[in-house]
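Hi,

Here is the structure I promised to send over. Have a look at it first, then read on for what turned up.

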Amino acid sequence: MITLSKLDENHIAAAALLSQEARWPHRESDWTFLLAQGQGIGVFDGASLVGTTMWWPQGERHATLGMVLVKRSHQRKGLGSKMMRAALEAMPQNHILLHATQEGVSLYKNMGFRDVGRIAQCQGVPTTLPDVPSGFEIKPAGEEDWPIILAMDYAARGWNRSELLRALAKCGGVYCAFDQDNLVGYAITRPFGLGAIIGPIVSADLSVAKALISHLLNLEGPGFMRLDVFQSSELVEWLSGFGLVQVDQSAVMVRGEGSAMENHAHSLLVLASHALG
C-alpha cells in the first residue's frame, strides 16, 4: 500500500540509501542537517521508504525545494508528482526555487515552475592549488562581521537566509574578504558528501570570489571539493584549471511571480548546495 507521511529522523538511514541508489553524494549526516533545517514528505510502500521530497523556508515568502527522489523500482508510477503536489500544498511560501535534473524538468514545468538558468556542478580533487591574490585580506568571520554578511546576502538573493547561514556556519567555516577595511565578499565551507563543499559565495565581483575560493582551496588542502556555480559565470572555466571540472548541470527553476533570484543572481556566484540554493 502506497502512503505519504512526514519525514523524520527515523527515516534518515533509508533516505541515504535512496540517494546512494541515485548516485547522489549525500551521507546520513548530510540528510540529518537538511532535515534539521527544513521539512519533508516521504512516500512509503508499506513500511519501506521509496521516495522523498523536502523544502526549506527562507523567510515568509520564499523557500527552496529539493531532494526529490524515487526508488528505481517505483519510478514511472506517478509518485514524484504525488509528492510534489503534497509538498506544494503544505508550503505557505509562494516564491519557490529548485534545481532540477534534466529528467525532472518536465515534471516541474507541469507543476508551474519555469526554467530561468543553469547551475554547473564543479568538483574533483585539485590537481594544483591556485595562488591567493594579494589584493584582498581573507580571514575568518567575526561576530562583528555578521550584520554585513547578512545584509550582503539579502541584497544578493533578496531572501532572508539568516537562519540558514548561521546553521551552515556551525558546520564549517565562514570567511570574509576585505578590501582595506571594507567587507566585499564572504564564503562558507563545510563537510559534504565525498569531501567538502564551498558555498554560498556572495561577492562584489569575480575577483573577490576567486580570492575567497583560492584561499579556501589552499586551506582545505588536496581533498575532494565541490562548488555549484552559475553556468554563466567564468568561474566554471577558471575552476577547471585547478582540476575542479564540470561533471553535471541542473536547471534553475522558479515558481511564483517576481522571484528575487532572477534579479540578484549577479552577486550570488556559488550556491550553498543544489537543495538549499
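So, how many cavities of 30 Å³ or more does a search of the whole structure find? The answer is two. Keep in mind as you read that this is a predicted model.

Let's start with the largest cavity, which holds about 50 Å³ of space. If you want to find it on your screen, pick out His26, Asp30, Phe33, Leu34, Arg190, Phe192, Ser273, Ala275 and Leu276, because lining residues are those with an atom within 4 Å of a cavity point. Which elements each supply at least two residues of that lining? They are helix H2, covering 28-37, and strand S9, covering 182-192. H2 gives the most, with three residues.

Now for the second largest cavity, with about 40 Å³ of space. Its lining is made up of Leu7, Asp8, His11, Ile12, Ala15, Trp31, Leu35 and Met54. Here, helix H1 (12-21) and H2 each supply at least two residues. By class, you'll count six nonpolar residues, one polar and one charged in the lining of the second largest cavity.

Cheers

Technical notes. Residues numbered from 1 in each chain as written. Predicted model: local features only at pLDDT ≥ 70, side-chain atom pairs only at ≥ 80, totals over all residues. Heavy atoms only, no water. 1 Å grid on protein atoms, 1.4 Å probe; cavity = no way out; pocket = protein on both sides within 12 Å on 5 of 7 lines; lining within 4 Å. Points joined across faces, edges and corners; volume = space filled by probe spheres on them. Helix = DSSP H or I, 4+ residues; strand = E, 2+ residues; numbered from the N terminus. Nonpolar A, V, L, I, M, F, W, Y, C, P; charged D, E, K, R; others polar.
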